[in-house]
Amino acid sequence: MKRVGYLFERAFTLDALYQAWVDASAGKRGKRATLEFARNLAGNLDALHGVIHNGTYKPKPYKEFKVYEPKERTIFAPAFCDLVVQHAIYKLIYPLFNRTFIDQSYACRKGKGTHAAADYAQAAIRSSQPDSYILQLDIKRFFYSIDRDVLRAQIERQIKDARFVDVMMQFAEYGQPVGIPIGNLLSQTYALIYMNPLDHFIKRELGAKRYCRYVDDFVIFGWPRERCVSALARIEAFIADELHLSLSRHSIHKCKRGLNFVGFRTWRSTRFVRKHSLYTFARAVKNGDDKAIASCLGHALRTGSLRHMRNMLSEATV
């Protein structure tokens with residue numbers, strides 16, 4: 001594929017930065033940082049334009065905080081002005097890289113959320129023999145283990161504009177020798193780029209017809225056990241040699257046992273939300289948290305758990 005150049009000039013015009021501000025402000029117009037930036041919008045955009053073009057642009061320090069669901073993670077929240085720059089970059093690189101991804105690469109892609117991933121997984125189980133096997137794997141400390149030199153090399157296979165890549169890679173830095181920060185708009189795209197070679201290896205080299213991945217959780221469906229065992233060894237070698245990653249866990253089990261994937265327990269005939277989701281829903285109902293209740297019910301659409309959750313809600317409002 002021919003590499004693309006002249007992205008720096010396209011991404012960081014004043015018009016492009018203004019549109020990036022519009023995108024970054026969506027849903028955040030009432031936030032203090034958004035309002036402060038908007039008070040002197042022309043001046044702030046002009047200042048960003050100036051430091052980017054004279055080569056002195058540096059993102060501000062992240063605001064760090066922890067989240068504990070579904071597991072403990074440190075989130076690195078960028079300053080609003082840096083979010084504007086990320087949107088300017090994202091607008092150009094998303095379509096460029098998206099066309100290189102396989103259809104079954106899910107997360108942070110349009111139409112490729114958890115429900116789409118769960119639908120594909122259930123269809124793959126249904127089209128597999130019940131006594132065939134599933135190989136499920138995930139990466140150990142994925143975001144914190146990404147090799148930024150490998151990431152840059154992957155980006156440069158598509159982009160030949162060094163100035164643009166230099167700005168991009170500033171959002172992969174967070175004070176540690178390896179890894180990228182969780183919380184940046186661009187981090188999810190970087191994760192998609194980083195794992196793309198693995199997807200093509202599994203599809204092309206291993207010949208997996210039924211395969212999907214959601215961030216660092218990936219699944220092959222419908223193989224004999226011996227083929228799964230052989231593939232596991234080759235995948236471990238590939239991610240170690242090519243991506244400098246290692247597996248956190250893996251499972252080889254029969255399709256008829258179902259699959260725990262993207263927040264659902266899925267079988268051929270039905271699927272349910274995880275027990276933790278039911279606990280979260282029960283707590284939201286108890287606290288009268290309408291926003292959380294709606295979110296949980298939306299997550300449970302097209303599952304066997306929805307009727308039970310609606311009954312819980314009805315009983316609580318009687």
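Predicted model: local features only at pLDDT ≥ 70, side-chain atom pairs only at ≥ 80, totals over all residues.
Residues are numbered from 1 along each chain as its sequence is written, and side-chain values use heavy atoms, with hydrogens and water left out.

Let me begin with the cores. A nonpolar core here is a set of buried Ala, Val, Leu, Ile, Met, Phe, Trp, Tyr and Cys residues joined through side-chain atoms within 4.5 Å, where buried means under 20% relative accessible area, exposed means over 50%, and partly exposed lies in between, with a 1.4 Å probe and protein chains only. The largest such core has 81 residues, and those with the most contacts inside it are Phe12 and Ile235. Helix 5, residues 80-98, gives the most to this core, with 11 residues; helices (H or I, at least four residues) and strands (E, at least two) are DSSP runs, numbered from the N terminus. Apart from that core lies another, of 26 residues, among them Ala117, Ala118, Cys212 and Val262.

If we look at Ile235 itself, and take contact as heavy atoms within 4.5 Å, its partners include Leu135, Leu198, Phe201 and Phe218, leaving aside residues up to four places away in sequence.

Next, a buried leucine. Leu151 sits in helix 8, residues 148-156, and it counts as buried because its relative accessibility is 0%. Among the residues that Leu151 touches, again not counting those up to four places away in sequence, are Met169, Ile180 and Tyr194. Tyr194 is 43 residues from Leu151 in sequence, yet the two are 6.0 Å apart in space, C-alpha to C-alpha.

Three strands form an open sheet in the order 8-9-10, with antiparallel pairing; two strands pair if DSSP finds at least two bridges between them. Strand 8 (259-261) and strand 10 (271-273) are the edge strands, each pairing on one side only. From one strand to the next, the twist averages 20 degrees. Between strand 8 and strand 9, residues 264-266, there are three bridges in the antiparallel sense, and Leu259 stands opposite Thr266 in strand 9.

What about helix 13, residues 290-299: which of its residues are buried? They include Ile293, Cys296 and Leu297, and these lie on the same side of helix 13 because they cover an arc of only 100 degrees around the axis, the arc being that of the directions from the helix axis to the C-beta atoms. Helix 12 (275-287) and helix 14 (306-317) are included in what covers the buried residues of helix 13. Within helix 12 we find Ser277, which is buried, with a relative accessible area of 18%.

Finally, the cysteines. How many disulfides does the structure hold? It holds zero, a disulfide being a pair of cysteine sulfur atoms within 2.5 Å. The sulfur of Cys108 is 16 Å from the closest cysteine sulfur, in Cys212, and is therefore too far for a bond. Cys228 is in no disulfide either, the nearest cysteine sulfur, that of Cys255, being 8.4 Å away.

Conventions
Axes fitted to C-alpha atoms, helices over the stretch in contact; angles between N-to-C directions.
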